[in-house]
Amino acid sequence: MTETSDTVKKSFRLTPFIFLGILLIWLGIRFIAPDSVSLFAGTRPDYLGVREGKLAPCPVTPNCVSSQSQDQAHAIEPLSYQGSGEKAIEQLAKIIASQPRTKIINQDSNYLYAEFSSQWMGFVDDL
């Protein structure tokens with residue numbers, strides 16, 4: 001009985017060191033290869049885009065905004081610009097491409113879809 005309890009005690013003492021080791025390895029990978037795939041990236045949504053002239057509606061989660069949302073919790077004022085829509089998309093693409101940890105997924109004359117990844121954990125935000 002004491003042999004089992006000693007084993008349990010040793011494993012409880014080792015647990016924080018194992019966790020710390022895993023954390024340090026993870027941070028090292030993120031530092032050395034910040035553009036590598038992350039466990040926290042999730043899967044790319046397949047419902048985004050323009051359909052029948054409208055953007056996809058926001059899900060019920062609070063981490064989404066849309067200038068076309070009728071729901072006040074997700075509504076945001078549209079960005080204003082001077083000039084054509086094509087020129088605005090082109091300029092926006094240049095700005096996005098100049099930012100770290102970004103990837104333009106889809107771009108056409110009236111729609112741009114990009115992903116932004118956080119530096120350390122690799123969380124992905126869709127734009």
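Which residue forms a salt bridge with E115, and how far apart are the closest N and O atoms? In this predicted model, in which local features need pLDDT of at least 70, side-chain atom pairs count only at pLDDT 80 or more, and totals for chains, interfaces and linings use all residues, the partner of E115 is R44, with the closest N and O atoms 2.8 Å apart. E115 lies in strand 4 and R44 in the loop between helix 1 and strand 1 (50-51), so the pair ties together parts that are 71 residues apart in sequence. A salt bridge is taken here as a side-chain nitrogen of Lys or Arg within 4 Å of a carboxyl oxygen of Asp or Glu. Residues are numbered from 1 along each chain as its sequence is written, and side-chain values use heavy atoms, with hydrogens and water left out.

The two partners can also be described by their accessibility, where buried means under 20% relative accessible area, exposed means over 50%, and partly exposed lies in between (1.4 Å probe, protein chains only). E115 is buried, with a relative accessible area of 12%, whereas R44 is partly exposed at 45%. The structure holds 2 salt bridges, and K87 and E90 also meet through their side chains in such a pair, at 3.6 Å from N to O. K87 and E90 are 3 residues apart in helix 2 (residues 85-97) and are thus separated by about one helical turn. K87 is partly exposed, with a relative accessible area of 40%, and E90 is likewise partly exposed, with 37%.

The protein contains 2 helices and 5 strands, where helices (H or I, at least four residues) and strands (E, at least two) are DSSP runs numbered from the N terminus. Read from the N terminus on, the order of these elements is α-β-β-α-β-β-β. Strands are said to pair if DSSP finds at least two bridges between them. Strand 3 (residues 102-108) runs antiparallel to strand 4 and is joined to it by 6 bridges, and the two form a hairpin with 2 residues between them. Within this pairing, K103 stands opposite E115 in strand 4. Strand 4 is also joined to strand 5 (residues 124-126) by 3 bridges, again in an antiparallel arrangement, and F116 stands opposite D125 in strand 5. This second hairpin has 6 residues between its strands, and G122 in the turn has a positive phi of about 80 degrees. Strand 4 (residues 111-117) is mostly covered, with 5 of its 7 residues buried.

Over the protein as a whole, buried residues make up 16% of the 127 residues. A single disulfide, defined as a pair of cysteine sulfur atoms within 2.5 Å, is counted; C58 and C64 form this disulfide, with their sulfur atoms 2.1 Å apart. The torsion about the S-S bond of C58 and C64 is about -70 degrees, so the disulfide is left-handed. C58 counts as buried, at 19% relative accessibility.

Accessible areas come from the Shrake-Rupley method with a 1.4 Å probe, and for residues only the protein chains shown count as cover. The protein exposes about 10,300 Å², of which carbon and sulfur atoms supply 62%. L23, which is found in helix 1 (residues 2-32), is partly exposed, with a relative accessible area of 34%.
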